[in-house]
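Student: Could you show me how to read a protein model, one feature at a time?
Tutor: Gladly. Let us open it together.

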Amino acid sequence: MWRIGQLARMAGVSGDTLRHYDRIGLLRPAAVDAVTGYRWYGVGELTRLERVRGLQRLGLPLRRIAELLDAPDAQVRAALTDTVAELRRDIAAKTAAVAAAEDRLAAATPVLPQVATVGPRRLRVRRFQVGDPGELGPLCTGGTLLTWLSGPPGAPFTAAVADRGGEPLTLPPRRVVRAVVPPDWGVVRSGLDLFDWIRRHRLAVAGPAVEEHLTDGDGTTATVLEIPVG
């Protein structure tokens with residue numbers, strides 16, 4: 001029989017790890033001295049410990065290992081299949097996060113675009129022609145503005161503002177790139193940054209952009225930009 005320190009050295013783990021395994025019922029000592037409280041371990045415990053560590057190396061969490069330690073191999077294989085699928089999802093999510101972070105670092109902008117799906121929307125709008133984005137500011141000091149652009153404006157384009165007396169317009173369910181305009185960055189500049197983000201991600205504009213001017217109960221304002229993509 002071995003004391004806890006001896007087993008720890010043999011297996012290459014810490015004594016604290018073995019005490020933790022004991023507390024959670026994963027690896028009980030073969031005996032505990034009633035006077036000294038020393039834990040004693042034998043070959044059976046060493047074998048069980050090696051199985052625990054082997055399953056850990058395969059990516060299984062301790063709570064799952066506790067359920068599978070004495071299970072038949074077919075059950076262990078089924079659990080490993082699920083674990084592999086979960087790990088692949090984690091890898092994909094982390095890979096996407098790395099790509100998004102690298103993209104953010106490469107762009108000198110505080111705009112943080114998000115891709116979302118939005119439902120249909122019915123509006124009444126008044127349309128007009130715009131020669132330069134700078135003309136839009138006085139035309140939309142609140143409410144909803146729409147612009148028909150496929151990229152950064154290089155020529156006159158159509159815009160519209162929500163108007164109860166205007167013509168009806170229905171926006172279908174759509175996938176959009178959305179961003180809240182950062183303070184002191186400006187709507188036009190944020191819109192150009194969004195178009196640049198869409199270009200870098202090889203997406204295509206699929207309808208009118210929506211510029212929503214919001215005000216909460218405290219009078220604080222914010223502007224949300226949404227550009228539909230396909």
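**Reading the model step by step**

Tutor: Leucine 26 lies in the loop between H2 and strand E2 (31-32). Helices (H or I, at least four residues) and strands (E, at least two) are DSSP runs, numbered from the N terminus. This is a predicted model, where local features need pLDDT of at least 70 and side-chain atom pairs count only at pLDDT 80 or more, while totals for chains, interfaces and linings use all residues. Residues are numbered from 1 along each chain as its sequence is written, and side-chain values use heavy atoms, with hydrogens and water left out.

Student: Is leucine 26 buried or exposed?
Tutor: We go by relative accessible area: buried means under 20%, exposed over 50%, and partly exposed in between (1.4 Å probe, protein chains only). Leucine 26 has a relative accessible area of 2%, so it is buried.

Student: Which residues is leucine 26 in contact with, leaving aside its neighbours within four places in sequence?
Tutor: Contact means heavy atoms within 4.5 Å. With those sequence neighbours set aside, leucine 26 is in contact with Tyr21, Arg48, Val52, Leu62, Ile65, Ala66 and Leu69. Take isoleucine 65: 39 residues separate it from leucine 26 along the chain, and the C-alpha atoms of the two are 8.3 Å apart.

Student: Where is aspartate 22, and what is it in contact with?
Tutor: Aspartate 22 has its place in helix H2 (residues 15-23). Its relative accessibility is 10%, so it counts as buried. Leaving aside neighbours within four places in sequence, aspartate 22 is in contact with Leu27, Arg28, Pro29 and Arg39.

Student: Which residue forms a salt bridge with aspartate 22?
Tutor: A salt bridge is a side-chain nitrogen of Lys or Arg within 4 Å of a carboxyl oxygen of Asp or Glu. The partner of aspartate 22 is arginine 28, and their closest N and O atoms are 3.0 Å apart. Arginine 28, at 49% relative accessibility, counts as partly exposed.

Student: How many salt bridges does the structure hold?
Tutor: There are 14 salt bridges in the structure. One of them joins the side chains of glutamate 67 and arginine 64, at 2.5 Å from N to O. These two residues are 3 residues apart in helix H4 (residues 62-68), so about one helical turn separates them. Arginine 64 has 24% relative accessibility and counts as partly exposed.

Student: Where do arginine 199 and aspartate 196 lie?
Tutor: Both are in helix H7 (residues 187-200), 3 residues apart, or about one turn of the helix. Salt bridges that share partners join Asp103, Asp196, Arg199 and Arg200 into one network. The side chains of arginine 199 and aspartate 196 meet in a salt bridge of 2.5 Å, N to O. Arginine 199 is exposed, at 55% relative accessible area, whereas aspartate 196 is partly exposed, at 29%.

Student: How do I read a pocket?
Tutor: Rolling a probe the size of a water molecule over the atoms shows where empty space is left. On a 1 Å grid over the protein atoms alone, a pocket is an open set of points where a 1.4 Å probe fits, with protein on both sides within 12 Å along at least five of seven lines; lining residues have an atom within 4 Å of a point. Grid points are joined across faces, edges and corners, and a volume is the space filled by probe spheres set on the points. The largest pocket here has a volume of about 330 Å³. Its lining has 22 residues, and Leu136, Val187, Val188, Gly191 and Glu211 lie nearest its centre.

Student: Which element gives the largest share of the lining of the largest pocket?
Tutor: H7 does, with 6 residues.

Student: What about the second largest pocket?
Tutor: The second largest pocket has a volume of about 250 Å³. It is lined by 15 residues, with Ala100, Asp103, Leu112, Pro113 and Trp197 closest to its centre. Helix H5 (73-106), strand E4 (114-118) and H7 each supply at least two residues of this lining, and H7 gives the most, with 4 residues.
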